[in-house]
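Colleague: I would like to go through this model feature by feature. Please give the general idea where there is one, and then the case at hand.

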Amino acid sequence: MPANRFNGNSDYGVGIGLRLPHYQHIFSKKPLVDWFEIISENFMVEGGRPLEVLDQILERYRVVQHGVSMYFGSAEPLNREHLARLKSLVKRTKTPWLTDHLCWGSVDGRYTHDLLPMPYTFEAARKTAQKIREARDFLEVPIAVENVSSYAEFHVSEMTEWEFLNEVVEDADCGILLDVNNIYVSSRNHDFDPFEYLDSVPADRVAQIHIAGHTKYQKLILDTHDHPVIDPVWALYARAIELAGPTATLLEWDDRIPSFDEVHREALKAKRYLPTQLQEAS
Amino acid sequence: MNLEQLQRAVFEVTRQPLTPSEKMRPRLPDGRSVREIADALIKPNDRMTSFQRLQVYSQQYWFRILASLSEDFPGLRSLIGKRKFEKLSVAYLNECPSQSFTLRNLGSRLETWLRKHPEYVAGVECVAIDMVRLEWADIEAFDGLELPRFAADDSGKLSGDTTFCLQPHLHLLDLAYPVDELLLRIREIDSKSDTVSNAVLKFPRPSRIRRSSLPRPKNVHLAVYRLNRTVYFKRLTRDGFALLQALGEGKPLEKALEASLLRTRRSVGRVSAQLKKWFQDWSYLGWFAQQP
């Protein structure tokens, strides 16, 4: 079932990302939303509108923090200033768990602002797990890492992506933010069976699930978060729920963002895949 | 190749500026073949070569940071035009890659860089640098720290020894050109032509200021600050600006007054009548903070 030590033993249902074009609707209509996911970095500032908006949201809604630049997979050490700011935000939001990506994105203190794929090596797994443990010990909140979409694979890889994910989360003893859209995108870009990936994920470590849309190009699929969720991704979601049980689920829609109601409606489709008694209860 | 070496190699290649047709360059500045590096690092598949797969990341890198800088400096972009702005942005970001976990700080070194590379704003050097200073102050004021306010409007509370702490979000700019008016005009034009889009990787439709309509030089003393979530520009008199600057440097009121009058060569008598009004206004605007 959803509550586990990787999501703070919480019972969150279906949420959506808190995005600027929806602020006015949220504050004026006060829609019923189970929870919002915020991009941590957007609120790791010292004052002004971002924090005032966040405080207003926190008065009414549950919030979970999702980061994009911790870069657990970068070879360089964690950025201490980043961690300190993140901890201050964690205290403000009281997020029951915190997520970031299983990727790298900085080199020698220079940032790419991208989610770059890992080489699936034992060295990388060991170093990444060490940084996740350090971050968790400092932040004092459960951490779950998200599998990313990728467009390239390295020759040096010694295992599959899902084996690497298992290696890291077991070593770090952390949770998984399972992004089923990312599994689909990568499976098409690298020609593997997405269900083989899903079936190998340790279900008891799944703290949260991401669903999203993407864009198909001639030679690859890009993870653009600008479309509704397609049926093959819903099929993966159904399988994930079957394996992990009803789990906190979040729809990502970050580009060409439609109305709040449209995004929320799309997210709530996830309830179709819950066991019947839970569908009725929600 | 270990993790650190692999990441350095990938970053070195992907951060090289793209060609005019937005492709990855075939060679690094030291002459090495990018294709050979890509082949050594990346597996190809039946649809894309190693080079093409790595190129996806190089393109994403540049599209993302260029869009972010363009969004932060619409005034500079309008001043020099889209093409020159893109050229300037590529050169700046190539020399000063992001050193922060947030894209918000991408333009933090632009003013310093531009002073070393005025050739990118040839013909409008001074007005461009003033515009960059104003746009960066605007970013800083938007989400800067606000300390608890200190009301300095009661002259009974003040003495010559009183020191002041200015709000961290307040920025004082001594400008050679009235770029505040120009930026507001650009924003008005942009808001009229704006489409409803949240696409991160697309350039907003830029306005372009004609060379003939550029402002003439005019010394402007400006406060950029935040009040109730909104950033404002407020012009100050030369005396008021000098006094605030001196107070911001930590000088006690009496010394700050002396210093500011020295700077502006005005007499105490000429400004004393204004003092009370200034402190009332500045307190109302929340510019004074309690000493931390």
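Modeller: Start with one residue: B:Asp72 counts as buried, because it has 21 C-beta neighbours inside 10 Å and the cut-off for buried is 20 or more. Keep in mind throughout that this is a predicted model.

Colleague: In which helix is B:Asp72 found, and which residues does B:Asp72 touch, leaving out those up to four places away in sequence?

Modeller: B:Asp72 is found in helix H3 of chain B. With that exclusion, B:Asp72 touches B:Leu106, B:Gly107, B:Glu135 and B:Ile139. Take B:Leu106 as an example: B:Asp72 and B:Leu106 are 34 residues apart in sequence, and their C-alpha atoms are 8.8 Å apart in space.

Colleague: What share of the contacts in chain B with a separation of 6 or more comes from residues 24 or more positions apart?

Modeller: Such pairs account for 68% of those contacts in chain B. As for burial, 36% of the 292 residues in chain B are buried.

Colleague: How many helices and strands does chain B have, and how is chain B divided into domains?

Modeller: Chain B has eleven helices and five strands. Its division is into domain 1, residues 1-68, and domain 2, made of 145-178 and 215-292. The centres of these two domains of chain B, taken over C-alpha atoms, are separated by 50 Å.

Colleague: Now helix packing. How is a pair of packed helices described?

Modeller: Two numbers are used for packed helices: the angle between the axes and the distance between the axes. In chain B, the axes of H2(B) and H3(B) come within 8 Å and cross at roughly 95 degrees. H2(B) and H3(B) are therefore roughly perpendicular to each other, since the range for that label is 65 to 115 degrees.

Colleague: Which residues meet where H2(B) and H3(B) touch?

Modeller: From H2(B) come B:Val34, B:Arg35, B:Ala38 and B:Asp39, and they meet B:Ser50, B:Phe51 and B:Leu54 of H3(B). By class, this contact of H2(B) with H3(B) divides into four nonpolar, one polar and two charged residues.

Colleague: And chain A: at what angle do helix H3 (residues 80-93) and helix H4 (residues 122-139) of chain A cross?

Modeller: The axes of H3(A) and H4(A) cross at roughly 50 degrees and come within 10 Å. H3(A) and H4(A) are therefore oblique to each other. The crossing in which H3(A) passes H4(A) is right-handed. A:Leu83, A:Leu86, A:Lys87 and A:Val90 in H3(A) meet A:Ala135, A:Phe138 and A:Leu139 in H4(A). The contact of H3(A) with H4(A) holds six nonpolar residues, no polar ones and one charged residue.

Colleague: How many residues does each chain bring to the contact between chain A and chain B?

Modeller: Chain B brings 41 residues and chain A brings 40 residues. On the side of chain B that touches chain A, the elements giving two or more residues are helix H1 (3-14), helix H3 (50-72) and helix H7 (125-143). H3(B) gives the most to that side, with eight residues. By class, the side of chain B that touches chain A has 20 nonpolar, eleven polar and ten charged residues.

Colleague: Are A:Tyr71 and B:Glu22 buried or exposed?

Modeller: A:Tyr71 is buried, because 28 other C-beta atoms lie within 10 Å. B:Glu22 is exposed, with 11 other C-beta atoms within 10 Å, and the cut-off for exposed is 12 or fewer.

Notes:
Residues are numbered from 1 along each chain as its sequence is written. Chains are lettered from A and ligands numbered from 1 in the order in which they are written. This is a predicted model: local features need pLDDT of at least 70, side-chain atom pairs count only at pLDDT 80 or more; totals for chains, interfaces and linings use all residues. Axes are lines fitted to C-alpha atoms, for helices over the stretch in contact, and angles run from 0 to 180 degrees between N-to-C directions. Helices (H or I, at least four residues) and strands (E, at least two) are DSSP runs, numbered from the N terminus. Angles under 35 degrees count as roughly parallel, over 145 as roughly antiparallel, 65 to 115 as roughly perpendicular and the rest as oblique. A crossing is left-handed if the near helix is turned anticlockwise from the far one by less than a right angle, and right-handed if clockwise. Two residues are in contact if their C-beta atoms, placed from the backbone, lie within 7 Å. Ala, Val, Leu, Ile, Met, Phe, Trp, Tyr, Cys and Pro count as nonpolar, Asp, Glu, Lys and Arg as charged, and the others, Gly among them, as polar. Domain bounds come from an automatic or database domain assignment.
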